[in-house]
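Let us check some labels against their cut-offs.

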Amino acid sequence: MKYRRLGRTEAEISVLSLGGHEYLPNKKSRGFNEDFKKAITPGYIFEGFGGEDRKKILKTAFENGINFLDVTHDSEKEALGRNLKEIVPSFPVYVQTRPEGFVYTYDKNNERMAKYEELKKEVLRILKLLGRERIEFFNFAFMKAALDNDPDFIQKINYNIEALKREGLIQYACADTFSGEYTYLQQIENGSFDTIYMNFNFGDYGAIEKVLPRVREKGLGFISREAFMKGALFEMAREAGIADKEVLAQAALKWCLSFNEVTTVVYGTGNVEHLKSAVRIVDEPFLSENETSLIEAVKATALFKDFEKKKTEEFFQ
């Protein structure tokens, strides 16, 4: 495994990270695609998370030096806490997660995120689920509506970040949004965040214009997700007549990591062999001519062009 320093932090992060999603037979993520309302309800745990298949994924990840783990809803958090008691890595791992029901559009104007005592209570609840003393990376994922609704919102978030760090409950603060470039830039200029977490792939690349340069200038870490465009990449491959999805997947990961600002790519899978294949990119990190040609073939498809247009409009809204 290769590691990169995460911005100005002291954390050395594996260039490939492991997402916490588990998957349904149709390849969609569990929880969100079973019952979305329950998935974002604090304390609701779906049955079957953290079973033998997931343990095999974790074991393989640790055998290959992956030291950064991202989990979203409570079922993933609880499963990780339980699994880490059974599968103990030989090195320290970093966990990234977010407050349940506080982020994105799950809470109107993200008002609960701005209330320190309520947020602290949520952090303590999460720590019990994870069985950890602190959250290494805590994700403050708010929307532009929060900034528009409350002119003091960002100052309240700053206070909350500083207070949670001071109390030893979190180590680093991560900025995230689905409001696009404007909100990401506001988060970066804010100065309290240590890293940025965002969708970034060769079809959703708006960050290249302004976000990446500011990330570099401010010394932040950059955690990339959705290298496979939530699986749409492989539908595009089918349209392009690409049979070798393994090479295409490696190409998509390499594309993300070709940017020096990108510290790590969060990779999700329920297949051990797929994980082993993904890890092999660290031995040959540069895009080959064949891999570049596959990306170009995908870009020529109608599915890709529709995806690119939609994502560009969303990012620069």
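**Labels and their cut-offs**

L212 is found in helix α8 (residues 211-218). Helices here are DSSP runs of H or I with at least four residues, strands are runs of E with at least two, and both are numbered from the N terminus. This is a predicted model, where local features need pLDDT of at least 70, side-chain atom pairs count only at pLDDT 80 or more, and totals for chains, interfaces and linings use all residues. Residues are numbered from 1 along each chain as its sequence is written, and side-chain values use heavy atoms, with hydrogens and water left out.

Q: Why does L212 count as buried?
A: Its relative accessibility is 3%. Buried means under 20% relative accessible area, exposed over 50%, and partly exposed in between (1.4 Å probe, protein chains only). So L212 counts as buried.

Q: Which residues is L212 in contact with, leaving aside its neighbours within four places in sequence?
A: They are F200, A207, F222, F259 and E261. Contact means heavy atoms within 4.5 Å. L212 and F259 are 47 residues apart in sequence, yet 8.9 Å apart in space, C-alpha to C-alpha.

Q: What covers the buried residues of α8?
A: The cover includes α7 (181-190), β8 (195-199), β9 (221-225) and α13 (302-315). The buried residues of α8 are V211, L212, P213 and V215. Just after α8, G219 takes a positive phi of about 70°.

Q: Why is K27 called exposed?
A: Its relative accessible area is 68%, so K27 passes the cut-off for exposed. K27 lies in the loop between β3 (16-19) and α1 (36-39). Its phi is positive, about 80°, although K27 is not a glycine.

Q: What makes K230 exposed?
A: A relative accessible area of 69% does. K230 sits in the loop between β9 and α9 (232-240). It is not a glycine, but has a positive phi of about 55°.

Q: How do you know that C174 is in no disulfide?
A: A disulfide is a pair of cysteine sulfur atoms within 2.5 Å. By this rule the count comes to zero disulfides. For C174, the nearest cysteine sulfur is that of C256, 16 Å away. C174 is buried, at 0% relative accessible area. C256 is buried too, with a relative accessible area of 0%.

Q: Why are α3 and α4 called oblique to each other?
A: They pack at an angle of about 45°, with axes 7 Å apart. Axes are lines fitted to C-alpha atoms, for helices over the stretch in contact, and angles run from 0 to 180 degrees between N-to-C directions. Angles under 35 degrees count as roughly parallel, over 145 as roughly antiparallel, 65 to 115 as roughly perpendicular and the rest as oblique. Therefore α3 and α4 are oblique.

Q: What makes α10 roughly perpendicular to α12?
A: Helix α10 (residues 245-257) and helix α12 (residues 289-299) pack at about 90°, their axes 9 Å apart. That angle makes them roughly perpendicular. In the contact, V247, L248, Q250, A251, K254 and W255 of α10 meet N290, E291, L294, I295 and V298 of α12.
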